[in-house]
Number of protein chains: 2
Amino acid sequence: MNNIIVQKYGGTSMGDAKRIKNVANRIVKYKNKGNKMVVVVSAMGNTTNSLIEKAKEINTSPSSREMDMLLSTGEQISIALLAMAIESLGEKVVSLTGAMSGIYTDQNHKKARINRIDPSRIFNELKSDKIVIVAGFQGITFDGNITTLGRGGSDTSSVAIAAATNAKLCEIYTDVDGVYSSDPRKVPKAQKMKEISYDEMLELAKLGASVLHPRSVELARRHNVPLVVKSSFNDNEGTKIIEVNTNMEKVLIRGVTIDKNIARITVANVPDKPGVAFKLFKKLADNNINIDMIIQNLNHENSNDISYTLSLEDLENGKEISNEFCKEIEGGKVLIKDNVNKLSIVGTGIAGSAEVASKLFGTLYELGINIEMISTSEIKISCIIEDNMSDNAMQKVHSAFKLDKLEMSN
Amino acid sequence: MNNIIVQKYGGTSMGDAKRIKNVANRIVKYKNKGNKMVVVVSAMGNTTNSLIEKAKEINTSPSSREMDMLLSTGEQISIALLAMAIESLGEKVVSLTGAMSGIYTDQNHKKARINRIDPSRIFNELKSDKIVIVAGFQGITFDGNITTLGRGGSDTSSVAIAAATNAKLCEIYTDVDGVYSSDPRKVPKAQKMKEISYDEMLELAKLGASVLHPRSVELARRHNVPLVVKSSFNDNEGTKIIEVNTNMEKVLIRGVTIDKNIARITVANVPDKPGVAFKLFKKLADNNINIDMIIQNLNHENSNDISYTLSLEDLENGKEISNEFCKEIEGGKVLIKDNVNKLSIVGTGIAGSAEVASKLFGTLYELGINIEMISTSEIKISCIIEDNMSDNAMQKVHSAFKLDKLEMSN
């Protein structure tokens, strides 16, 4: 060991029998080049939705534990079918559930985090020259309950396995053939990048570039897993995610993204006392609600307004918890805004450049768009804007930063 | 412990959301009477078939190991949905796969046998006052591969769990409300029995009375598990399977069955030497082919004809192995007959009664039916006949033994 390649195929790549056979062919081609193959797959196209439908007919709010028991069958079907497709090509193969692959998670059903991977079974199967097919998106708790990893779960499974097996490469196959400077369906001039740094990819991923989930990018960066994003429908080269290019000193805007899956909650008129914000966000964290942007400001009544954004799925829970919080502190008022989007630009060296920020704000101003919240990092600026303007804004910003024509070779 | 009741619900009982809710209601009713409930379920109605269809699109002869990986999802979906239905009634519940339930089997994929049950997890869940839902039909090997138990698997899971947990009762819910003297769809005058002995039930089950699989009856007898067969669609009393009623000395024919799922293989003209039959049946046994009736007779050429019956699914394999056998002994010829049925009568004390046999053979003779093979046991007589006559024969035999009007109270 080690000549291991981990590949991950998403639900679209596993959409039907024909696609599954294509995937099988691709895997065997890699195997025949002398690689040891570990393949992580998602549930077939709409399996997950049809399982959710079945559950709804029976219980409108089933426990997360039983939802995981139900949904994990989706990937189990996929691994068995892919293994069968590979068998029919005459190759030795074995399919493994998350549990059988040694993917141990915490108990947080429906959005479990991987605690540990015990790759001994995978290594054993590879030693007997088998292609190993692993169910993505799922794991098992130390006390033996099936969990699912939530959004981006299969990507995360793949990267974690690549790290645990010290794989030489982790290839994420999806329905787009790489990472673009913006969403090609909305910005026709979006350019594919040959390479991008972990940090940039992480920001792009966090900002709604749906090609890779931030969890998986973060994990890849932490364990230094060489990552490639490719299409399973063609043989195009894809995008490599690499370490930061250190001799790159000039500001380089790499991408523009829109995240539509967000909402804003404002807890208005909370007392201006130490620890108030802490208590709110502690409570949200204890309930596993991921917060994105946070703004707090003293209003004209000398009390604080705390605003935060979160993903739409968490909106109901976030609202409930914010209301509980108001009850506890005997004050404050919860306001919801769910018609917002987050527009972001990402690139190395943004932090120091006032020019970049002012060009972004200026472009939005010209479009008559009101910026409701702003957050910045070393390599990104995000703005919360109303949703009806966001697609147009993304195109205009893409052009403003000359991404339409950019040589995206690096 | 012990106030445990094990219930088993088949695929028809779990056919759709409404039926699953009915099952949930029934379980909770039992729980509320103070029982600890362990419930074993099969895959929903046609799930298994649609999974098999999916597999066929990809590989016409997938490995048994991967078929088990695929098919076991059927029960996993069932347990999750039933658990959700019970949750919605406000009861504590947990679903467990075969592996999680501690059902350890041999490695014989697609028809694995249970080696051991470790009920510790089931006991733990019962202790925390939960209803425990177990996936039937499946288990796990000691080295961690998912297996399925083959025909009658869920019944067998239930009885095995009832034995391992020392349950006070094992109820098998199905779409008929008990054990009848013959198939009620074909013999309208068939009578339901209130009680039947393990031995009689075992013979009836072996002979194609599809209500209970012989494996499960055998297991129940061995471990003295109190068994009841009932319908999940009504509250009728069902049939109790009990120990032999020892003071029952007169001949009592309990039922007439037809098994259509059989075929006959004849290996003709094999040398009349010791060990020849042994070698053939050893070879068949080594390949996990279950043989039912065997007849060997010296033919006019002073060589032997060996005939045996087996289930239709095993016909292809049986044929292949018999051909291999002929090659090895450099002789013999394999003849196949797949248009045969097995008609049987079952009842205590048949063995001693020439009257019973002659009445059976006479009835068939009157119908002009040729008997191709005969086998007898303490409590049954079976005849292989051509399939086109068998339904009619069953009705006539049922009447001949006065089962139409019998008081079947015991």
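**Salt bridges and the A–B interface**

Okay, let's start with a salt bridge: A:D183 and A:R185 pair up through their side chains, 3.2 Å from N to O. By salt bridge I mean a side-chain nitrogen of Lys or Arg within 4 Å of a carboxyl oxygen of Asp or Glu. A:R185 counts as exposed, at 70% relative accessibility; the classes are buried under 20%, exposed over 50% and partly exposed in between, with a 1.4 Å probe and protein chains only.

Quick caveat: this is a predicted model, where local features need pLDDT of at least 70 and side-chain atom pairs count only at pLDDT 80 or more, while totals for chains, interfaces and linings use all residues. Residues are numbered from 1 along each chain as its sequence is written, chains are lettered from A and ligands numbered from 1 in the order in which they are written, and side-chain values use heavy atoms, with hydrogens and water left out.

Next pair: A:E386 and A:K337, again a salt bridge, at 3.2 Å from N to O. That one links distant parts of the chain, with A:E386 in strand β20 and A:K337 in strand β17, 49 residues apart. Strands here are DSSP E runs of at least two residues, helices H or I runs of at least four, numbered from the N terminus. A:E386 is partly exposed at 30%. There's also a network: A:R264, A:K337, A:E372 and A:E386 are linked by salt bridges. Over all chains, the structure has 44 of them.

On chain A's side, α3(A) gives the most, with 16 residues.

As for extent, 39 residues of chain A contact 39 of chain B, contact being heavy atoms within 4.5 Å. The two bury about 3,100 Å² between them, 64% of it on carbon and sulfur atoms; that's accessible area (1.4 Å probe) lost on being put together, summed over both.

Last, symmetry. A rotation of 180 degrees with 0.0 Å of shift along its axis superposes chain A on chain B, RMSD 0.1 Å, using least squares on C-alpha atoms with pLDDT of at least 70 in both. The copies are thus related as by a two-fold rotation axis. In chain A, A:T73 has the C-alpha nearest that axis, at 2.7 Å.
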